[in-house]
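Dear colleague,

I am passing on the structure that we discussed, and I would be glad if you could look through it when you have time. My notes come after it.

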Amino acid sequence: MIVLGYNGFTRGAELFGRLYGATGVGRNLLVGHDAAAALVIDGEVVAAVEEERLSRIKKTSDFPAQAIRWCLDSAGVDLDQVDVFAFPWRFSPTVAEEMIAKICDAELPVEAKFDSLRRTGELYTGMLSRDAVYSDFVRRTGHPLDPNKLALVPHHLAHLMCGAYLAGGGDAAFLVSDGRAETLSAVMGELRDGVVTRFDEGTVDMASSLGVAYGRITRYLGFVPNNDEYKVMGLAAYGPPPQHNPLLERVVRLHEDGSYTISVPPDVQEYCALFDGIFGGDSEKREEFDFRVKVAGLAQHMVEAVTAHQLRALSAASGLDTLLFEGGLALNCVANTKMLERSSFTDMEVSFGASDPGVAIGAAVYAAGLRNRPADAVTTPYLGPSYDEGRILDALEAYADRVEWQREPDAAAVAQRTAELLAEKNVVGWFQGRAEFGPRALGSRSILANPAFPDIKDIINLRVKHREPFRPFAPVVLESEAPRVFEMGKKTSSPYMTFVFPVRKEYQERIPGACHVDGTARVQTVDARQNPELAALLGAFTALTDVPCLLNTSFNVAGEPIVCSPRDALDCFLATEIDHLVIDRYVVTKRGGAGTIA
């Protein structure tokens, strides 16, 4: 059985921009962002890629035409061979009736209700309905799709199926929490023997979305909502944990069943006025670093308090030991660690597709049947495009007037030569194998550096990534070495950068470049089975330097998607102060030699 999962709408940006003002700073506040496609054959995910990696438009919500084509071509499959086309949104007539009823029951003037009904109606008929989704697919692919082959999968169920598949398909309690699905923002329950049971008492309406509230604070602080929340998370570490949180008194109300109500007005001016009153702010203070740190700390504490409240109810209702956490909130790796350590669960899984790229995988897995997952299916994030030596050489030749390169004889020589470069204060672009899927660079399209240099974070932030100096970087470490360097708690591995751990005191001075201001690090663990090239590099680097990890960040600059192709990598390399590019077996330098950063 062949199933194609995909996420994205041709008219999403246009309709949300015109009807709801989702432009400029609010450009990502729309349905279908992080468009992607995934292919499942006989129960196994064989290919997946985000549309942004191919279109080069970050977080695009467009119909994923290029991603679909690549997934099919990579497996040698034609559209007419696909058995099911799975889409991770189901705005059924029942859901539409519920949307209409909520508008009619809202405390709004009659004119405002009619306006809201008009906009919702145009959005539904032009984009969200089954007919609109079907027509969008046919128009963009030219394929005469059998309507019976189109499966609409509820958004939160797609999130859950992605996490469940990537965790191996075993029994687990689950929490899915994000900005919005069709009408809800959070659900909880359990998965037993492939059967999903939702605990209705723990559901949270979209109007009380924790993700949306965090996003509004993100925008209040001058950042881009549904994009820059990780900046708020990073800023929170610069201040002490709050002793008193007015958000939990004036904005959040927790209910005994594990649900909650959040009251933040949707209008930007109104919620900025609310937050000014709560935080003692104004337009000038919002630009001050210390004020931002204070607000970020309160926002982060709110997330941790609310999710802990959800887990208490979930663990009481389910006797299962493992927790699956998916959805946009699952990218808050600081909260993830605290959720696990403070709960009764013995383990917690957060997948590399936890946010909306993963719903393309999840929709396909659901349509294929989670129980049909082969027991020996390989769980890997390296599901995207790879490039053979001919394609790499073509790209290098196209830039021959600006770069020069040397081919190493084998993979061991590549690892050794790269380790020698990283032993010095060099920044290296690392491009190997298939591109990773999801928002994190996991060692296939990465920028690497030596964390032993205290100023390496500043160098990369300012001279390579072109981003704020307070932003931390993640260490990548051999899984076997991780417990020696980091306090891993209940976790034995963290392959997807979805958890944060304290750096052991004896290593904080040895790897200052990988330590955040509070002495923690968002760790990625690696072994030779998951990523043999990166594991070999870590082994060679540790043997050469006695430094047990490397600093790893995504191979891109601020505002651009992670590189995908050799040409993308060369463009980024030449536009920044990256010293060397290692692409497959080729070690590339700039003509004239940028040299080592002083």
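Predicted model: local features only at pLDDT ≥ 70, side-chain atom pairs only at ≥ 80, totals over all residues.

Residues are numbered from 1 along each chain as its sequence is written, and side-chain values use heavy atoms, with hydrogens and water left out.

Helices (H or I, at least four residues) and strands (E, at least two) are DSSP runs numbered from the N terminus, and two strands pair if DSSP finds at least two bridges between them. On that basis there is an open sheet of 8 strands with mixed pairing, in the order S14-S23-S22-S15-S16-S21-S17-S20. Its edge strands, each pairing on one side only, are S14 (403-407) and S20 (524-526). Within the sheet, S17 (residues 474-478) and S21 (residues 549-554) pair in the antiparallel sense over 4 bridges, and Val476 stands opposite Leu550 in S21.

Helix H20 (residues 532-545) lies across S15 (428-431), S16 (445-449), S17, S20 and S21, and runs at about 90° to S17; axes are lines fitted to C-alpha atoms, for helices over the stretch in contact (heavy atoms within 4.5 Å), and angles run from 0 to 180 degrees between N-to-C directions.

Elsewhere in my notes, helices H15 (residues 389-398) and H21 (residues 566-575) pack at an angle of about 35°, with their axes 9 Å apart. Ile392, Asp394, Ala395, Leu396 and Ala398 in H15 meet Pro566, Arg567 and Leu570 in H21.

Best regards
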